[in-house]
Amino acid sequence: DDLISMLEGSDKELQMQALLMLQKTDFEVSDTILKSLLRDQDPKIQQMTMIYIATKGRVELKGELEKALRENKIPTNLFDTYLATIGHLDPEYVSNYSSKEEVYSRGLKRKLPKDYVLNLVKDPAIPSEVKSIAIHHIDQPYEHVQDLLELLQNEPIVVKAALLQTFKKI
C-alpha cells in the first residue's frame with residue numbers, strides 16, 4: 001500500500017524505487033496507474049514502467065503501449081525499450097516464462113509479431129520521428145523493398161533519409 005502511494009505521488013525518485021521494488025513482488029499494479037506512468041513527462045519513469053510491464057508479462061497493456069507510441073508519448077530514445085517490451089509480451093514467451101520452462105529468462109526466445117516494425121513504419125498514425133528510428137529495426141528490409149519504396153513517396157524528409165540509409169545497406 002505504501003509502494004502504491006509512492007507510485008501515485010509526484011516524487012520521481014520514489015516512483016522509480018516503488019517500480020523497482022514492485023517488480024520483485026507478486027503484487028500487481030493496476031492498469032490505471034501503469035497507463036498514467038507510461039505517459040509521464042519523465043522518460044526514466046516511462047522506461048521503468050515499460051520494464052515493469054515486460055517483466056510482469058502484462059499482455060493486456062500491449063494496446064496501451066501501442067497507443068502511447070501513436071500519440072507520440074514515448075520518446076524516440078526509448079524506442080528500443082518499447083520494442084523489447086513488445087517482444088516480452090509475446091504470448092508464447094509469457095507462457096514459457098510463467099511456466100518456468102527455462103531457468104533463466106534469457107534462454108527463452110522473444111520475438112516481435114511478424115512484420116511488426118514494418119507495419120509501424122507503414123502506419124500513418126505513427127509520428128515521423130518514430131518511423132525514422134523504426135526503419136533501422138525492420139527485419140530483413142530487402143524482403144520489403146516495394147513497401148519501403150512506396151513510403152518514399154509521401155513521408156517527410158526525416159523518414160526519407162532513414163529509408164535511403166536502409167537502401168544503401170540492401
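With a relative accessibility of 43%, K111 counts as partly exposed, a label for values between buried (under 20% relative accessible area) and exposed (over 50%), worked out with a 1.4 Å probe on protein chains only. This comes from a predicted model, in which local features need pLDDT of at least 70 and side-chain atom pairs count only at pLDDT 80 or more, while totals for chains, interfaces and linings use all residues. Residues are numbered from 1 along each chain as its sequence is written, and side-chain values use heavy atoms, with hydrogens and water left out.

So much for the label; next comes the setting of K111. This residue sits in the loop between helix 7 (91–98) and helix 8 (116–122). Leaving aside residues up to four places away in sequence, K111 touches G87, D90 and E92, where contact means heavy atoms within 4.5 Å.

Zooming out, the protein chain has 11 helices and zero strands. Both are DSSP runs numbered from the N terminus: helices are H or I with at least four residues, and strands are E with at least two. Of the 170 residues in the protein chain, 42% are buried. Among contacts between residues at least 6 apart in sequence, 62% join residues at least 24 apart.

Then there is the inside of the protein. The largest nonpolar core holds 43 residues; such a core is a set of buried Ala, Val, Leu, Ile, Met, Phe, Trp, Tyr and Cys residues joined through side-chain atoms within 4.5 Å. L7, V29, L65, L69, F79 and Y82 have the most contacts inside this core. Not counting residues up to four places away in sequence, F79 touches L69, L120, V130, I133, A134 and H137.

Now for how the helices pack. Two packed helices are described by the angle between their axes and the distance between the axes. The axes are lines fitted to C-alpha atoms, for helices over the stretch in contact, and angles run from 0 to 180 degrees between N-to-C directions. Helix 2 (residues 12–23) and helix 4 (residues 43–55) have axes that come within 10 Å and cross at roughly 10°. These two helices are therefore roughly parallel to each other; angles under 35 degrees get that name, over 145 is roughly antiparallel, 65 to 115 roughly perpendicular and the rest oblique. On the helix 2 side, the contact includes M16, L19 and L20, and on the helix 4 side it includes I45, M48 and Y52.

Helix 4 also packs against helix 6 (residues 79–88), at an angle of about 15° and with the axes 8 Å apart. That makes helix 4 roughly parallel to helix 6. Q47, M50, I51, I53 and A54 of helix 4 meet T81, Y82, T85 and H88 of helix 6. By class, this contact of helix 4 with helix 6 has five nonpolar, four polar and no charged residues. Here Ala, Val, Leu, Ile, Met, Phe, Trp, Tyr, Cys and Pro count as nonpolar, Asp, Glu, Lys and Arg as charged, and the others, Gly among them, as polar.

Finally, the axes of helix 10 (residues 145–154) and helix 11 (residues 157–169) come within 9 Å and cross at roughly 150°. Helix 10 and helix 11 are therefore roughly antiparallel to each other. Their contact has eight nonpolar, two polar and one charged residues.
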